[in-house]
Amino acid sequence: MNKKLAVALSGAAVLVLTLSGCSDDGDKVNDWAKTVCDQAQPQIQKRANAQQLIISTAADGKPADIQAADSKAFQDIADADRALAKSVQDAGAPPVENGETLQQDAVKELNATAVAYEGLKKQVDALDPSNQQKFADGLQDVADGLKKIEKMDQDALAKLQSGELGTAMAKQPGCQRATPSAVPSGPASPPAGSTPSGKASAKPSSSPSKSSGQ
């Protein structure tokens with residue numbers, strides 16, 4: 001059941017990857033990219049950890065364990081998106097053409113994505129783990145909703161990763177792929193209603209940082 005969520009989440013990892021920037025065309029662009037990427041790095045790590053939590057529970061997790069893990073992961077992703085939005089906001093408008101518009105669009109879309117992930121968390125929390133069939137059906141609905149949010153996730157930063165800004169960000173260490181921290185298999189440590197912070201994505205191998213300057 002949870003494997004479908006893991007697959008659906010795999011694309012979300014690409015998002016943080018978007019936050020890479022540091023070109024050789026100007027110190028101001030590089031400085032902006034470094035400011036954002038340095039703040040983004042912890043959020044990229046949280047996403048990777050949340051992703052790994054879903055994966056580690058997917059193999060043989062019981063419905064209640066899957067529910068707790070997914071609930072935690074979705075909240076983590078929402079928290080990370082909000083933190084990423086704040087990083088972009090605090091960095092100011094990037095010193096490129098239409099920089100202010102790029103910044104505000106990214107902030108708005110990241111915050112909207114955070115709200116959407118919290119909606120998925122509520123969906124998961126409302127499932128009944130005592131009824132395996134209904135739980136599986138409900139999880140499928142969550143996976144379907146996740147595909148739509150995944151596109152929002154990627155669109156949120158697509159603008160920032162274009163042109164010289166994207167080239168710049170792609171070179172920043174802070175925006176590079178994160179290796180998931182070890183996550184114990186079995187139930188998530190906090191209960192389903194907890195609200196830690198981080199961001200998920202299904203395959204640990206696919207996470208922030210495409211160096212091609214997308």
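Helices are taken here as DSSP runs of H or I of at least four residues, numbered from the N terminus. On this basis Gln 39 lies in helix H3. The model is a predicted one.

The secondary structure of the chain consists of seven helices and zero strands, and the pattern along the sequence reads α-α-α-α-α-α-α. The chain has 214 residues, of which 53% count as buried.

Helix H4 comprises residues 63-91. H4 is mostly covered, with 22 of its 29 residues buried. Ala 78 is found in this helix, and it counts as buried because its relative accessibility is 0%, the cut-off for burial being under 20%.

Two packed helices are described by the angle between their axes and the distance between the axes. For H3 and H4, the angle is about 175° and the axes are 9 Å apart. The two helices are therefore roughly antiparallel to each other, as angles over 145 degrees are assigned to that class. The contact of H3 with H4 is made up of 14 nonpolar, five polar and seven charged residues. Between Gln 39 and Lys 86, which are 47 residues apart along the chain, the C-alpha separation is 9.2 Å. Gln 39 has a relative accessible area of 34% and is thus partly exposed.

H4 also packs against helix H5 (residues 99-126), the axes coming within 8 Å and crossing at roughly 165°. This angle makes H4 roughly antiparallel to H5. The crossing in which H4 passes H5 is left-handed. By class, 15 nonpolar, eight polar and six charged residues form the contact of H4 with H5. Ala 78 and Asn 111, although 33 residues apart in sequence, have C-alpha atoms 8.2 Å apart in space.

The segment after H4 contains two residues with positive phi. Gly 92, which follows H4, has a positive phi near 85°. In the loop between H4 and H5 is Asn 98, a residue other than glycine whose phi is also positive, near 60°. Most residues other than glycine have a negative phi. With a relative accessible area of 52%, Asn 98 is exposed, since the cut-off for that class is over 50%.

The largest nonpolar core has 24 residues, and those touching the most other members are Trp 32, Val 88, Leu 110, Leu 160, Leu 165 and Met 169. Two or more residues of this core come from each of H3 (27-58), H4, H5, helix H6 (132-158) and helix H7 (163-170). The greatest contribution is that of H3, which gives eight residues. Another core, of eleven residues, lies apart from the largest one and includes Phe 74, Ala 114, Val 124 and Ile 149.

In summary, H4 is roughly antiparallel to H3 and also to H5. Both contacts include nonpolar, polar and charged residues, with 14 nonpolar residues in that of H3 with H4 and 15 in that of H4 with H5.

Notes
Residues are numbered from 1 along each chain as its sequence is written. This is a predicted model: local features need pLDDT of at least 70, side-chain atom pairs count only at pLDDT 80 or more; totals for chains, interfaces and linings use all residues. Side-chain values use heavy atoms; hydrogens and water are left out. Axes are lines fitted to C-alpha atoms, for helices over the stretch in contact, and angles run from 0 to 180 degrees between N-to-C directions. Angles under 35 degrees count as roughly parallel, over 145 as roughly antiparallel, 65 to 115 as roughly perpendicular and the rest as oblique. A crossing is left-handed if the near helix is turned anticlockwise from the far one by less than a right angle, and right-handed if clockwise. Ala, Val, Leu, Ile, Met, Phe, Trp, Tyr, Cys and Pro count as nonpolar, Asp, Glu, Lys and Arg as charged, and the others, Gly among them, as polar. Buried means under 20% relative accessible area, exposed over 50%, partly exposed in between (1.4 Å probe, protein chains only). A nonpolar core is a set of buried Ala, Val, Leu, Ile, Met, Phe, Trp, Tyr and Cys residues joined through side-chain atoms within 4.5 Å.
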